[in-house]
Amino acid sequence: MEKVKAVVLMSGGLDSMLTAKLLENLGIEVHAINFYTGFCIVEQRRRVDGTHSSSSNKKLENQALKAGAEIEIPVEIVDISKEYLDIVTKPKHGYGSNVNPCIDCRIHMLKEAHKYMLKIGAKFLATGEVVGQRPMSQHKNTMRMIEKEAGVAGLVLRPLSAKILEPTLAETEGYVKRESLYGIYGRGRNPQLKLAKQLALGEFPNPGGGCCFLTDQTYAVRFRDLMDHRETRTLTMEDVVRLRLGRQFRIKPEFKIIVGRNEQENDLIEKYAETGMAVIMATVEKGPVALVEGKFTESDLALAASIAAGYGKGKNLESVEFSVRIDGTEKIISVKPEPIEKFRQYLIQHYTENNV
């Protein structure tokens, strides 16, 4: 007899691994799907550095593929990064605590997963969601609304919390028995750890982790700053990378300065400089590379070089020579290093008592 197929949304975290393994143990043929949004920390590093981290040479593994290999379940990777940029800049349901559009994100992923479900002839979808675990998207009413907008009402089984939710098609059609499912609730992770032990899971990530850097407070501040100073609310994947780099200064509304913090960031600043941007680097003394984006003057470029010099090895010299490259042209300027305290107030970052 042919097995019933199900599609599991696989993040690579413990909850989705448990979901896939539970269904497999119940006789379901599990097909996992993972979405590349461009905003996962590990995947972003893979995009920038390749298979190994440029700073530590540590292997950068796709967590969903790693999880799938651990439990011996195939994982399909689907790239939704292009359309995800619009979701991030114009979320219908707004943001979470920072610039994480969790509800719109979930709706879009369920829509895409449904397409895949129909393509392979699966009967239902499943996720590792736990009621009450996440403040924005994992409450009963919100889950129902998300399913409805995604066009998958009743098709999504959540095995870890199924007993405290309404029965889904997977249960009413007899694909799985309700008594074989769980009623886990809330943010505590002990039930999942206990279940992982029962299912003899080998290696799995620490529960409660997350890889979406849209939840990062400083990234959120930088994102909002960029949107506030753009004529149209648009974002490119190059913007996504640059927003994570260096120390960023908004001294005037017209332009922004990014100053690298290490050799890896210096390389990335050069790599992700676009047409019309200025790349500034010392010609003799080693130090940070600076990038100026927006509308700037000659004096603005000199200022950017002075700030970069303030972070470099030549910060105590009377002058430091810099190369300024714009769209293939290059010129040499000499500037006096500026003390970093002078421009700290212009840093685009999340402020706490420790870094004010």
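Q: How far is the sulfur of cysteine 102 from the closest cysteine sulfur, and in which residue is that sulfur found?

A: A disulfide is a covalent bond between the sulfur atoms of two cysteines. In this predicted model, the sulfur of cysteine 102 lies 6.8 Å from that of cysteine 105, its closest cysteine sulfur, which is too far for a bond. A disulfide requires the two sulfur atoms to be within 2.5 Å, and the count of disulfides comes to zero.

Q: Is cysteine 102 buried or exposed, or partly exposed, and what is the case for cysteine 105?

A: Cysteine 102 has a relative accessibility of 26% and therefore counts as partly exposed. Cysteine 105, at 13%, counts as buried.

Q: How do the axes of helix α1 and helix α3 cross?

A: Two packed helices are described by the angle between their axes and the distance between the axes. Here the axes of α1 (residues 14-25) and α3 (residues 63-71) come within 10 Å and cross at roughly 30 degrees. The two helices are therefore roughly parallel to each other, and their crossing is right-handed.

Q: Which residues of α1 and α3 meet?

A: From α1, Met17, Ala20, Lys21 and Glu24 meet Ala67, Glu70 and Ile71 of α3. The residues of this contact comprise four nonpolar, three charged and no polar.

Q: Where is histidine 114 found, and which residues does histidine 114 touch?

A: Histidine 114 belongs to helix α5 (residues 102-120) and is buried, with a relative accessible area of 19%. Leaving aside residues up to four places away in sequence, histidine 114 touches Leu125, Gly151, Val152 and Leu155.

Notes. Residues numbered from 1 in each chain as written. Predicted model: local features only at pLDDT ≥ 70, side-chain atom pairs only at ≥ 80, totals over all residues. Heavy atoms only, no water. Axes fitted to C-alpha atoms, helices over the stretch in contact; angles between N-to-C directions. Helix = DSSP H or I, 4+ residues; strand = E, 2+ residues; numbered from the N terminus. Parallel < 35°, antiparallel > 145°, perpendicular 65-115°, else oblique. Left-handed = near helix turned anticlockwise from the far one by under 90°. Contact = heavy atoms within 4.5 Å. Nonpolar A, V, L, I, M, F, W, Y, C, P; charged D, E, K, R; others polar. Buried < 20%, exposed > 50% of the residue type's maximum accessible area, 1.4 Å probe, protein only.
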